[in-house]
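Reader: I have some questions about this model. Could you walk me through the answers?

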Amino acid sequence: MIESKDTIPAEKDGKYQFQLNYSGREVPCLVEKEQQMLHVKIDDNLDAELKINKNGTLTQTGGAHIPDSCIDFIKKQVLGLHV
């Protein structure tokens, strides 16, 4: 049985695709959200994992280093401004 605390963030689970300014150029960014994790693929060659914390912040837990400005942009694209 799935507890309600596990399903609340799932309302926006899925794939998100948008353009991201990375290293001075616009590149495609694909993000797959699964519960409290974001699986990020930038420009088909950089992979990273981001964890959604209870306070709405993101913490990088693995993969290639992503600048904080890119993490903030990904957060706004996937989670919206209200989180």
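Author: Gladly, and a definition comes first: buried means under 20% relative accessible area, exposed over 50%, and partly exposed in between (1.4 Å probe, protein chains only). This is a predicted model, in which local features need pLDDT of at least 70 and side-chain atom pairs count only at pLDDT 80 or more, while totals for chains, interfaces and linings use all residues. Residues are numbered from 1 along each chain as its sequence is written, and side-chain values use heavy atoms, with hydrogens and water left out.

Reader: Is Phe 18 buried or exposed?

Author: The value to compare with the cut-offs is a relative accessibility of 11%. Phe 18 therefore counts as buried.

Reader: What kind of aromatic pair do Phe 18 and Phe 73 form?

Author: Rings of Phe, Tyr and Trp (its six-membered ring) pair if their centres lie within 6.5 Å; planes under 30 degrees apart count as stacked, over 60 as edge-to-face and the rest as tilted. A search of the whole structure finds one aromatic pair. The ring centres of Phe 18 and Phe 73 are 5.8 Å apart and the planes stand at 65°, so the pair is edge-to-face.

Reader: How many residues apart in sequence are the parts that this pair ties together?

Author: Helices (H or I, at least four residues) and strands (E, at least two) are DSSP runs, numbered from the N terminus. Phe 18 belongs to strand β1 (residues 14–22) and Phe 73 to helix α2 (residues 68–79), so the parts tied together are separated in sequence by 55 residues.

Reader: Which strands stand at the edges of the sheet?

Author: Two strands pair if DSSP finds at least two bridges between them. The open sheet has five strands in the order β1-β2-β3-β4-β5, with antiparallel pairing. A single partner strand is what each edge strand has, so one side of each is left without a neighbour in the sheet: these are β1 and β5 (58–63).

Reader: Which residue in β5 is the bridge partner of Glu 49?

Author: β4 and β5 pair in the antiparallel sense over five bridges. In β5, the bridge partner of Glu 49 is Gly 62.

Reader: What is phi of Ser 23 near?

Author: Most residues other than glycine have a negative phi. Ser 23 sits in the loop between β1 and β2 (25–34), and is exposed, with a relative accessible area of 64%. Its phi is positive, in a residue other than glycine, and is near 55°.
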